[in-house]
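This briefing goes through the sheets, helices, hairpins and aromatic contacts of the structure shown below. Please keep the sequence at hand while reading the grouped points.

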Amino acid sequence: MRNASVCLVLLLLISSALADGPGDNIAENVRAVPPVGIELSAVVRNELDGSLAELNTKIEQLRKSKDRKVQSLLPDVEIFSRAIRDAVGHRELFHQNDLGKARQVLAEGHARADALKNGNAPWTTQTGLLVRGFKSRIDDTVQPYGVVVPESYAFAGASEYRTDVWLHGRGERSTESLFIHERMNRVGQISPANTLVVHPYGRYSNAFKFAGEIDVLEALDHAKSQYRVDENRISIRGFSMGGAGCWQFAVHYPSQFFAATPGAGFSETPEFLKSFQGETLTPTWYETKLWQLYDCTGYAANLFNLSTIAYSGELDIQKQAADIMEQAMGDQGLKLTHLIGPQTKHAIHPDSLTTIESKLANLADRGRDRAPTTVDFTTYTLRYNRSFWLTINELTEHWKRATVHATLSAPENTIHLTVDGVGGLQLDLAAGDAPFNLRQPVQIEVVDFSPNNDSETSANRQILVGPRPESDRSWQCQIYRDGDQWKIGSRPTPHNIAKRHGLQGPIDDAFMDRFIIIAPSGKGLHPETDAWAKSELDHLVREWRRQFRGDAIVKQDTEISDKDIATSHLIVFGDPSSNAFLKSIHSELPIQWSEDQSSVRVGHDKHVDAAHHAPVMIYPNPKNPNRYVVINSGFTYREYAYLNNARQVPKLPDWAIIDIRTPANSLWPGNVVDAGFFDESWKLK
């Protein structure tokens, strides 16, 4: 027995050593994320269920109130109920001491409900550690975030406060109950003087991507509605997984922050997985393109407009993230400020933190430059299309590098633009920001490197005459490319759909805004594909809760209202026989079932057997082209990607054909026999 015990200990040690490394590279043996928690005794289960039921009764009474204050603050109570509902109902309490934490979470929920019933909300005027809640637009669920309100905060007055957004590290056990408890009891790694610190939950452990990304933006917006946040002194910060999130926000939203301080983490997918995970990568061509959604190296030029202080431990393998960004920035003529903690592994060295705080304090004194003279911006997708006064409205082709170098010249009354891969631009200088002569029109010089040009000497140069600035010193103008000529105004395409911000794909983009799943009420024409579609619907609902901590809204195809069509992306499962909504739009989709549904047609010359193949796609909803319709797909990365946040990137492009004779697994929904992107007019290439 002693030898058996020793062997078991050794096996556990080996397993632990391999986890987060080669042990997590086996797609056929994926561990549960989050892990399965402890089994509660009947006594404890009854205690928690009873207290939760009492809290829910109080919440239901508050929901009936007509008091606007009560309704606006109700999410601050509901977050405690939802956290314990999931913790108990889904076995997400992992240690015995988590039971005490759950009791404290419930107690705070009761205290707030009782106070709100009496017309009070003391937590809204408290300093120190607080947890707040908001109702997410994505799926109507209440989501928590933490906030540290400095003792110096004055609830009366007009003073605005510097605000640091801190993104937490990876925590596979950091479900709502435990996150809320931590934010009620721990200040965290940073606490600058006279500074609000916002701690987004990020919808669990997804490196603040997709719904996690929107969670950060929604939490910050809610904090702005509750506290006097100085819009020009907001920073984005984080360490480990939070450092990865910080890199992503820095390059995607460079005009929203006065500074970024990413620590460790990862900044791109392929090289990090090779060095940190020891993974051999064999991506498809479209996966390689889709890495560009979150790979920060390709967006490095955007940090020209955002003060960035990177940190790494000298002995930390995740130092790779800053090293590769330092190289990418160097390629753009930028030198990264990279602080290195001496002889430090995966932690922030105290001396380095002191230096970071000193540098941030100096940067905060200056604040964000609202209207910089020069803007450098790079993107691969219209999902990320804005920096300060520059907005890209059209790309020549998605997932190819698009760049704009824009400079204001007040003496010349000119804006100089050097563009590549861009089809349309919008320039917006807010009141007081336009430095031009009010009596003269603003000239726009465009130097355009068309896709066939590769040198400045062959670039197309034009001078456009734009409008004059207005008397409030604001100025706005749109320009677009028509053939090889640029013109003033917006493109006159009233009858065509085109890829644009928030309507550009890929499939995963539909889950970054409000969506409703449409379940089929009928029977599919082919039993195998019918069963597969229903299984994929169930998979989406289950994994949306587990990985994005939401309760997906599901309606039958006969229940969809005009309001749903107007306000939501629609995620439709089934075929034209089983799903009435799909039948109503089917003829307007670019990939269709044949009239007898015996085959699926991709374009004019590709047909596959509909009995064993299912199309998946994203496309502007024919009933409302301002919203998506998604056919037969949830978010496209699956269980294997849960094991390392760098893997959590789109697996499928705008459309794909799935051979369901290969069963769905931890990587794919079946065998992908064909896939691709629609062009900029949402047509098959």
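A charge is said to sit over a ring if NZ of Lys or CZ of Arg is within 6 Å of the ring centre and within 35 degrees of the ring normal. By that criterion the charged end of R173 sits over the ring of F94, 5.6 Å from its centre, and the charged end of R549 sits over the ring of Y204, 5.5 Å from its centre.

The model is predicted, with local features requiring pLDDT of at least 70 and side-chain atom pairs counted only at pLDDT 80 or more, while totals for chains, interfaces and linings use all residues. Residues are numbered from 1 along each chain as its sequence is written, and side-chain values use heavy atoms, with hydrogens and water left out.

**The sheet of 8 strands**

- Helices (H or I, at least four residues) and strands (E, at least two) are DSSP runs numbered from the N terminus, and two strands pair if DSSP finds at least two bridges between them.
- An open sheet with mixed pairing contains 8 strands in the order β1-β2-β4-β3-β5-β6-β7-β8.
- Its edges are formed by β1 (128-135) and β8 (337-341), each of which has a single partner strand, so one side of each lacks a neighbour in the sheet.
- On average, and with direction ignored, neighbouring strands of this sheet are turned by 20° against each other; axes here are lines fitted to C-alpha atoms, for helices over the stretch in contact, and angles run from 0 to 180 degrees between N-to-C directions.
- Strand β7 (residues 307-313) pairs with β8 in the parallel sense over 5 bridges, and Y311 stands opposite L339 in β8.
- Helix α8 (residues 241-252) packs on the sheet and touches β3 (161-167), β5 (229-239), β6 (259-263) and β7, its direction making about 135° with that of β5, where contact means heavy atoms within 4.5 Å.
- Helix α4 (residues 75-89) lies across β1 and β2 (142-149), and runs at about 90° to β1.

**The sheet of 5 strands**

- A further open sheet, of 5 strands and also with mixed pairing, has the order β9-β12-β13-β15-β16.
- β9 (374-379) and β16 (460-465) stand at its edges with a single partner strand each, so one side of each has no neighbour in the sheet.
- The twist from one strand to the next averages 15°.
- β9 pairs with strand β12 (residues 402-409) in the antiparallel sense over 6 bridges, with V375 standing opposite A406 in β12.

- Buried residues (under 20% relative accessible area, against over 50% for exposed and in between for partly exposed, with a 1.4 Å probe and protein chains only) include D98, L99, A102, V105 and L106 in α5.
- What covers the buried residues of α5 includes α2 (42-63), α3 (68-73), α4, β1 and α6 (176-185).
- After α5 comes G119, whose phi is positive, near 80°.
- Helix α8 is mostly covered, with 12 of its 12 residues buried, and it reaches 17 Å from its first C-alpha to its last, close to the 16 Å expected at 1.5 Å a residue.

**Aromatic pairs**

- Rings of Phe, Tyr and Trp (its six-membered ring) pair if their centres lie within 6.5 Å, planes under 30 degrees apart counting as stacked, over 60 as edge-to-face and the rest as tilted; the count by this rule comes to 30 aromatic pairs.
- The ring centres of W285 and F677 are 5.9 Å apart and their planes are at 70°, so this pair is edge-to-face.
- That pair links W285 in helix α10 (residues 285-290) with F677 in the segment after β28 (671-676), 392 residues apart.
- W285 is partly exposed, with a relative accessible area of 47%, whereas F677 is buried, at 6%.
- Ring pairs link F210, Y294, F511, F515, W544, F548, F635, Y637 and Y642 into a cluster, and both F515 and W544 are buried.

**Hairpins of β22, β23 and β24**

- Strand β22 (residues 591-593) pairs with strand β23 (residues 599-602) in the antiparallel sense over 3 bridges, and their hairpin has 5 residues between the strands, with Q597 taking a positive phi near 60°.
- β23 also pairs with strand β24 (residues 606-609), in the antiparallel sense over 4 bridges; in this hairpin, which has 3 residues between the strands, G603 takes a positive phi near 70°.

Technical notes
The expected span of a helix is 1.5 Å times one less than its number of residues.
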